[in-house]
Amino acid sequence: MAKQSAAPSLLWRRAATLPLAVVLVAAALVSLETRAEDSMQCRNGRIVNVGMAAAEVIGRCGEPKSRMVDEIPVHARSRNGNVVQTGTTRAERWIYARGQGQFDAQLTFEDDKLRRIDFLTEP
């Protein structure tokens, strides 16, 4: 009898771990679409790093293949606990083609500083 009661327990544990495995695989696949890095090698072999000024990046990598500019609202919490917009900041996203066999890179600048580098798996 003990073996019969143990078998459903084992099946239940396996069934309970299946959704977790599915979630982990899905998360891994989503993370493959973009991945943030601290540095990037340009097409000409020069390296750029997070924290560099926009002019330094252009000096090392040249002009990007595209640029997008967004004005992003800046929010703060007031004394009474409400969230209010205190201004805006300018964010630029530049796309660099890095050459044959390499994913394009999206560089995000805020206040003229390189804040994030993402490698894109889709055009």
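**Loop, disulfide and helix**

I began with Gly 45, which I found in the loop between β2 and β3. The model is a predicted one, and in it I read Gly 45 as partly exposed, with a relative accessible area of 34%.

Next I looked for disulfides and noted that the structure holds one, formed by Cys 42 and Cys 61, whose sulfur atoms are 1.6 Å apart. Cys 42 lies in the loop between β2 (39-41) and β3 (47-49), while Cys 61 belongs to helix α2 (residues 54-61), so the pair ties together parts that are 19 residues apart in sequence. I recorded both Cys 42 and Cys 61 as buried.

I then turned to α2 itself and asked which of its residues are buried. They are Ala 54, Val 57 and Cys 61, and seen down the helix axis they fall within an arc of 60°, so they line one face of α2. I reminded myself that an α-helix has 3.6 residues a turn, so residues three or four places apart point the same way. On the face turned away from this buried side I noted the exposed residues Ala 55 and Gly 59.

For the packing partners of the buried residues of α2, I listed β2, β3, β5 (83-96), β6 (105-110) and β7 (113-120). Last, I looked just past the end of α2, where Gly 62 takes a positive phi of about 85°.

Terms used: Residues numbered from 1 in each chain as written. Predicted model: local features only at pLDDT ≥ 70, side-chain atom pairs only at ≥ 80, totals over all residues. Heavy atoms only, no water. Disulfide = S-S within 2.5 Å. Helix = DSSP H or I, 4+ residues; strand = E, 2+ residues; numbered from the N terminus. Buried < 20%, exposed > 50% of the residue type's maximum accessible area, 1.4 Å probe, protein only. Arc of directions from axis to C-beta. Contact = heavy atoms within 4.5 Å.
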